[in-house]
Amino acid sequence: MIVPGSTATAPLHLKAQVVIVGSGAGGSIVAERLARAGKDVLVLEAGPFVPAAKMNQRERDMMRLLYWEAGMRATENGSMGVLHGRGLGGSTVVNYLDCFRTPPRLLEHWVHTRGLPELTPEKMAPRFDHIFEVLHVRKLEESGLNPNNRKLMEGSRALGWSGDTFHRNANNCYGSGFCDLGCAYNAKQSAAITFIPLAMAAGARVYTEVRVDRVTLEAGRAVGVEGWALDAERRPIQPVTVRADRVVVAGGAIETPHLLLRSAVPDPSGQLGRNLHLHPGAPVVGHFPGERIANYEGVKQGYYVGEFSWPLHGHDDDFLLEGIGAPPGIAATVFSGQGASRQATFKHLNEYAVVGVLLRDHDTGTVTAGEGRPKIDYSLSEADALRMKAAVVAAARSMLAAGARVALTAHGEAQILRSEADFDKVWSRSLTAGQMAMFSFHQMGTARMGDRRDRDVVNPEGQLWSVPGLHVADASLFPEASGVNPQVTVYGLADVVGEAIATS
Ligand SMILES: Cc1cc2nc3c(=O)[nH]c(=O)nc-3n(C[C@H](O)[C@H](O)[C@H](O)COP(=O)(O)OP(=O)(O)OC[C@H]3O[C@@H](n4cnc5c(N)ncnc54)[C@H](O)[C@@H]3O)c2cc1C
């Protein structure tokens, strides 16, 4: 049974062997593994459980229900929107379903540079097999590509770049195109309908609308958590205290360091909240006059170009290009212009194909504990900005190769690119705060895993070096950005942590 905190009429005092904070990719798989191992598991999730029948596909309602800060979260300098899911299943409920097994090159790199012998491709393979099975991951057929993703495929093939259709965790998806507002058809195999029900079937208890504000420490050991049951408006209504032998924090790479910093947990590495990777993303548009692309219809993300990725192909530019649909509301926040020029842009909305650039950021930002909410400090470094420009140029090139009349960038004043000769407009413009619309769909690295207590926040088993009983199991663990869409890597790393707890 799922117990909503909003129904609490008295303080909640709970006990468990293991309490897990957060029910997204990381929290859900740990809950499943530990419950299956016979542990008494309690999952606490700040957001609500939103069943498919209540997902009404309206941005106004769903953004508020399913995202932290209603989807308006951003870096302190306002240069990047930071999208993070909130609710049973976490970001897996609002994500675009792309599934990459962590590339072997990256796993080997982490094994050797971070001292993580459990992460060899051979040892991770059975975990990924299990994850793919539970999430019902299948490769998208080319026939399933919408016109938008097809343009990226055609353009990149004409240029001789390697790419492929995505593997996706979908079951009977007919391409409604509303993935980021939750799947009203239960086709998306999110954690809320896969690992969480499996955990519950094995005995785990799940409380939603319970926000954890502090990890409780006694004599240097984690002994539970404290927080509040929330009403439907997210106001605290009843205090919640939990006593547990183990605490697993799986709130995502923004909320996890925020919680641990507020709890003043000892951190000999001094790295908690640092090393924030955001996978900066930006749209590039191709205009195909007279063609109906309707990029927001059908399977939103279907095709990617891996040619320039370091984890996939050893390329130093280190970015992916991915087809992505932008519903009119999002498009309105990306396109510049006023009055007649804006009208002209929107008149042609259905003729636009959109490519999303996904940069594997090599430099990082920080999360600190702000007034009630986490403070995210992040600016593109010069080196990352240079690679971002290379990515924008490549995206534009793919659209022109596919036959676009022009490619448009998301700079404050959109750059109109008609041919190679125009690419200087991208190279010569600064990418400092606010110069180009950028978004982060993937946050990683703020409690990184590794074998050195002076460098890494948690040890190779996911436990904080100086706090017995306190573990991290989410995207915070990443030693670096994954460079590919990260959900499967999150499930995989969290499973390593879950197994270590189960067997210790
Ligand atoms: C719009 C969008 C699209 C994406 N598309 C893809 C994609 O196609 N492929 C892919 O691989 N990845 C994608 N991702 C990213 C992927 O979903 C995440 O990387 C992954 O879910 C992260 O797992 P996690 O466990 O770290 O955090 P999450 O899955 O975000 O789960 C964290 C949970 O913890 C809860 N929580 C946080 N703090 C507290 C607290 N104090 N008390 C109680 N609960 C708390 C949160 O509410 C949340 O439910 C996308 C993300 C977004 C936002």
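User: How many residues surround the ligand?

Analyst: The model is a predicted one. Among the residues closest to the ligand are Gly-22, Gly-24, Gly-90 and Gly-251, together with Asp-474. By class, the shell divides into 16 nonpolar, 19 polar and seven charged residues. The number of residues that surround the ligand is 42.

User: Which helix gives the most to the shell around the ligand?

Analyst: At least two residues of the shell come from each of helix 1 (25-36), strand 10 (210-218), helix 7 (252-262) and helix 13 (487-503). The greatest contribution is four residues, and the element that supplies them is helix 7.

User: At roughly what angle do helix 1 and helix 13 cross?

Analyst: Helix 1 passes helix 13 in a right-handed crossing. Helix 1 contributes Ala-25, Gly-26, Ile-29, Val-30, Arg-33 and Leu-34 to the contact, and the residues of helix 13 include Tyr-491, Ala-494, Asp-495 and Gly-498. By class, this contact of helix 1 with helix 13 has ten nonpolar, three polar and three charged residues. The two axes come within 8 Å, and the crossing angle is roughly 35°.

User: How are helix 4 and helix 13 oriented to each other, oblique or perpendicular?

Analyst: Helix 4 (residues 121-134) packs against helix 13 with the axes 10 Å apart and at an angle of about 120°. Angles of 65 to 115 degrees would count as roughly perpendicular. The orientation of helix 4 and helix 13 is therefore oblique.

User: How many nonpolar residues does the contact of helix 4 with helix 13 have?

Analyst: The crossing of these two helices is right-handed. Met-124, Arg-127, Phe-128 and Ile-131 of helix 4 make the contact with Val-488, Tyr-491, Gly-492 and Asp-495 of helix 13. By class, the contact of helix 4 with helix 13 has one polar and two charged residues, and its nonpolar residues number five.

User: How far apart are the axes of helix 5 and helix 11?

Analyst: Helix 5 (residues 147-158) packs against helix 11 (residues 382-401) at an angle of about 95°. That makes helix 5 roughly perpendicular to helix 11. In the contact, Lys-151, Leu-152, Gly-155, Ser-156 and Ala-158 of helix 5 meet Ser-398, Met-399 and Ala-401 of helix 11. The distance between the two axes is 7 Å.

User: Which residue of strand 8 stands opposite Cys-99?

Analyst: Strand 5 pairs with strand 8 (residues 167-169) over two bridges, in the antiparallel sense. The residue of strand 8 opposite Cys-99 is His-167.

User: Which residue takes a positive phi in the hairpin of strand 17 and strand 18?

Analyst: Strand 17 (residues 366-369) and strand 18 (residues 374-377) run antiparallel and are joined by four bridges. Within this pairing, Thr-368 stands opposite Lys-375 of strand 18. The hairpin has four residues between the strands, and a positive phi near 75° is taken by Gly-372.

User: How many bridges join strand 2 to strand 12?

Analyst: Strand 2 (residues 12-21) and strand 12 (residues 236-249) run parallel. The number of bridges joining strand 2 to strand 12 is nine.

User: In strand 3, which residue is the bridge partner of Val-19?

Analyst: Strand 2 runs parallel to strand 3 and is joined to it by four bridges. Strand 3 (residues 41-44) is also joined to strand 9 by three bridges, again in parallel, and there Leu-42 stands opposite Arg-205. In strand 3, the partner of Val-19 is Leu-42.

User: Which residue of strand 9 stands opposite Pro-4?

Analyst: Strand 1 (residues 2-4) runs parallel to strand 9 (residues 205-208), and three bridges join the two. Opposite Pro-4, the residue in strand 9 is Thr-208.

Conventions
Residues numbered from 1 in each chain as written. Predicted model: local features only at pLDDT ≥ 70, side-chain atom pairs only at ≥ 80, totals over all residues. Pairing = 2+ DSSP bridges. Near = placed C-beta within 6 Å. Nonpolar A, V, L, I, M, F, W, Y, C, P; charged D, E, K, R; others polar. Axes fitted to C-alpha atoms, helices over the stretch in contact; angles between N-to-C directions. Parallel < 35°, antiparallel > 145°, perpendicular 65-115°, else oblique. Contact = placed C-beta atoms within 7 Å. Left-handed = near helix turned anticlockwise from the far one by under 90°.
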